[in-house]
Amino acid sequence: MNFDTALPLLVVASSLLPGLVIFFLRESSHGPRTALNLGGAALKLLLVGIMIWGVFHQHVYETRWTLAPGLDLVLHADTLSVLFVTLSTVLWLVTTVYAVGYLENSPHRSRFFGFFSLCVSATVGLALAGNLFTFVIFYELLTLATYPLVAHRGTPEAVRGARIYLTYTLIGGVLLLLGTVWLHVIAGPTPFVEGGVLSRVPAEYHPQLKVIFVLLLIGLGVKAALVPLHGWLPQAMVAPAPVSALLHAVAVVKAGAFGIVRVVYDVYGVQFADQLGLLIVLGVAACITIVYGSVKALSEDSLKKRLAYSTVSQVSYIALGTAILGPVGTIGGIVHLVHQGIMKITLFFSAGNYAETLGIHKVSEMNGVGRRMPATTLAFSVAALGMIGVPPVAGFISKWYLGLGAVEAGMAAWVMPVLLASSALNAAYFLPVLYRAWFRDAGPAWPAEHIPAARFETAGALLWPPVVTATLALAAGLFAAAPYSPLEWADLIARREYGL
Amino acid sequence: MADALIWLVALPLAGALATLLLPRAAGAVVIASGLGTSMAAGALLYGVATHGPLHNAIGGWSAGLGIALRADGLSALLVMMTALVALAASVYSSAYFNTAAQRARFAPLWLLLWTALNALLLSGDLFNLYVTLELLGLSAVALAALGGSAAAVQAALRYLLVGLLGSMLFLAGVSLIYAGYGTLDLAALAKVVESGPVVWPALTLMTAGLLLKTALFPLHFWLPPAHASAPAPVSAVLSALVVKAAFYLVLRLWLDVFADAVTAAAAALLGLLGAGGVLWGSWRALQAERLKLLAAYSTVAQLGYLFMFFPVLQALPPGPARELAAGGLVILALTHGFAKAGLFLAIGVIQQRSGHDTIRELDGTAQRLPATTFAVALAGVALIGLPPSGAFLGKWQLLAASFATGQWWWIVVTAIGSLLAAAYTFRVLGHAFGHGPYPNQAVTLAREEWPALLLGATAAVVLGLAGAPLWTLLEAGA
């Protein structure tokens, strides 16, 4: 085993091994636990940096391990996996800092950080999965690793929320597995290859391929929160803020969306999927979800739930981009994988800060919070404006490419109204929040002020993460044309996918 | 290498005798002979992997006259599983039975059971198989009654009667075979057996006896009370190994010795009963109020999956696809062995520490014993068949073979059974979260918690990630 075959494994192991050690640490071993967490995150960042450089220069990194005859666990770095791995790694580092600040005095920390590391390992594993079989393995591992995180608080609502989450995801997982096995029986191993591998399957199997696609789409749609499979997401909001942040930005929801991208582009092939008439199915599901999520978000007073419905809506932009045939739409969908992650994690960090610092959980309690917590509210505002699609924040780039792609593919007639309606709805549920925070006067007292204003508006470990991610969201928009920006990388993926 | 065959029977038997002579040192003797037997099992596995099937005629008598021991890939794997599971349970038992008197009563029966298991797995002729089956049944019943409560004795008595009935049916079948062919040697029989009126009644009788012993639905009625009222280390071995031994014989007879006599309809019947076991066992496990009963019903369900392999194997032509599916069957059986043993040991810890195993009242206990709860979770992952457990690979093969042979109904049953397993596993794990007092460290009781953790990890991780050599071994040692 040389470095090229070990690198993908090392990227996964750099969070997996620290996680396993953390389980057996004493609760009181604060120092070693934080060192393992941050050390693993930093090491992973370094390894991923090497990987980005190598993949850009057409280097092949692949770990292969046979689990059974004909069934290989393959970790393979291609442009798409590198995009998702980088997103996970950067946001994991930031979220770890945040989680240490958020949870360091609460019970069951060894359990929490152990599963937290497993969760990131599973995400990175499914990002690097080189075939559908490997993807399914890490997809299920992700379910297992996140369940204890959602239930972490141990209140009856938390246990109930976790149970609902598990019910949805395990049923989805079974359907995904059935589709994968069926595909395996028809077409043999299904490695992820740019342009897909199924177009060579004889025509007599095409009806079966359609059924399999629906099975896979439902299995992945549960995690991606496609309507009507989204019911678990608002319930899972009982999780601690860093978990919600991770769930919504990189781990669970994004795993589903990433899976849809993989299945369409690298298993079926986007042209072949279009031939089978499957892109329409996906496109319609995505459009319904985009509008439905936004409408539901309008009426939610709970800040975290409003953000949850916003996720339902925003993640389907990725599915929509996938359903639009043509490189421009592809760029829009894939780049949103990153943009939505950075913006949404900022929103959840900020929401967590409001709750931890001042006890604010509801939109109606946010009057005048901008003056008390300016940096957090500024970060929140940047991300919210980005979600609406205001330039120059990253979200604008995604929507621009999606719109342009729809025009190019001749789908503008129904995609454009959806994009416009969604932007209007995003504005309708985010702008009132911003207005309250900046322009209304604060009430006589905050609901429960846990952390008094000192040198900073809140604890340092809570403040820096949203500031950093908001800056990233702004930078991803402002410097979209710079080399190695998310947009440029998405462009590279699209070019390799379409063989341009 | 062939000496390992003898050591595997001689070491636990000598240990059993030694514990009778030295009752005070019973605990130490169990561990010592357990370690020795496990090393012999490792040597056997290595030997079969490198040299192919092994054979040892004790005393030099030729086949048909003396006692011959032989091992192929399948039996070597099962001997290895037996060794690891029994060793872990032995370590745990030294903490579970906390007085020397208890250990002295437990030890000889325990090692006798181990002897019987190894002898059964290594026997090459039907009469010896009958003898070992009887020995296994009797020592298992005695161990199951060790708890001493009225419920335990009653369950053990029923277990005894069912076991005797099963052995009698098996013996009746064996005598028909002897009358028809004049030999009981499996290798010799495999060459001469052909489908017809001589074989069918004999195979039916033997199979009926074995199905009773392996608790295939609807012949499972005796299992839940017997397994749920035995002491924890005994339950672990009963559920993981003893029913698996009878299943091994069904496998041996149907897929190997009498393969030519088996019809598609008969295989479909076994599959159907298996499907019934999966659904009924899982459903009852979900309803169970006590942890041990949950685990026992889950065994009924898990055995059902193994029988669902028969109709798909029957439909597949001999070749790589069939080998692949057969390997799936074996890895599923092994995974269940490790997972169920781990689960019963973990339940034992919970029961001893909290004084009960009522699921509804688990809150405090599950939080006070994080490592044990984690062991339950690992076992649960394997029982559900989630990756990276060995059961995931096994179920994958079952699903793939069902798709390939167009028998989609097994797919539906597997999917429902897995979801039910998830439901009963997480019904227990939901109690691990809460605000009860919790320890500063995951593992608090090393000797009691590590065996369950290691067994669970073997089922949920090791077999899944390092299971590939199993297929080579089954092929090489066939």
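## Helix packing

In chain B, helix α6 (residues 150-181) packs against helix α8 (residues 199-214) at an angle of about 160 degrees, and their axes lie 7 Å apart. Axes are lines fitted to C-alpha atoms, for helices over the stretch in contact, and angles run from 0 to 180 degrees between N-to-C directions. Helices (H or I, at least four residues) and strands (E, at least two) are DSSP runs, numbered from the N terminus. α6(B) and α8(B) are therefore roughly antiparallel to each other. Angles under 35 degrees count as roughly parallel, over 145 as roughly antiparallel, 65 to 115 as roughly perpendicular and the rest as oblique.

The crossing of α6(B) and α8(B) is left-handed. That label applies if the near helix is turned anticlockwise from the far one by less than a right angle; clockwise gives right-handed. The contact of α6(B) with α8(B) has 16 nonpolar, 6 polar and 1 charged residues. Here Ala, Val, Leu, Ile, Met, Phe, Trp, Tyr, Cys and Pro count as nonpolar, Asp, Glu, Lys and Arg as charged, and the others, Gly among them, as polar.

This is a predicted model: local features need pLDDT of at least 70, side-chain atom pairs count only at pLDDT 80 or more, and totals for chains, interfaces and linings use all residues. Residues are numbered from 1 along each chain as its sequence is written, while chains are lettered from A and ligands numbered from 1 in the order in which they are written.

The table sets out the packing geometry.

| Helix pair | Angle | Axes apart |
|---|---|---|
| α6(B) and α8(B) | about 160 degrees | 7 Å |
| α4(A) and α5(A) | about 160 degrees | 8 Å |
| α14(A) and α20(A) | about 135 degrees | 8 Å |

α4(A) and α5(A) are therefore roughly antiparallel to each other. Their crossing is left-handed. Residues of α4(A) in this contact include A:Phe112, A:Phe115 and A:Phe116; among their counterparts in α5(A) are A:Phe135, A:Phe138 and A:Tyr139. Two residues are in contact if their C-beta atoms, placed from the backbone, lie within 7 Å. The contact of α4(A) with α5(A) divides into 15 nonpolar, 3 polar and 1 charged residues.

α14 (residues 327-358) and α20 (residues 486-498) of chain A form the other pair. α14(A) and α20(A) are therefore oblique to each other. They cross in a right-handed sense. The α14(A) side includes A:Ile331, A:Ile334 and A:Val335, and the α20(A) side includes A:Leu487, A:Ala490 and A:Ile493. By class, this contact has 11 nonpolar, 2 polar and 2 charged residues.

Chain B has 19 helices and 2 strands. Its radius of gyration is 21 Å, close to the 23 Å that the globule rule gives for 478 residues, so chain B is as compact as a globular protein of that length. The radius is taken over C-alpha atoms, and the rule is 2.2 Å times the number of residues to the power 0.38. Along its principal axes, the C-alpha trace of chain B spans about 65 × 55 × 45 Å.

## Between the chains

In the chain pair, 32 residues of chain A are in contact with 33 residues of chain B. On the chain A side, β1 (61-68), α4 (109-128), α5 (132-150) and α6 (156-187) each supply at least two residues. α6(A) makes the largest share, 12 residues. The chain A side has 20 nonpolar, 7 polar and 5 charged residues.

## Backbone details

The peptide bond from A:Val227 to A:Pro228 is cis, with omega near 5 degrees. A:Pro228 sits in the loop between α7 (206-224) and α8 (232-235) of chain A. In chain B, the bond from B:Pro387 to B:Pro388 is cis, with omega near 0 degrees. B:Pro388 is in the loop between α15 (370-384) and α16 (390-405) of chain B. A:Gln58, a residue other than glycine, has a positive phi, near 60 degrees. A:Gln58 lies in the loop between α2 (30-56) and β1 of chain A.
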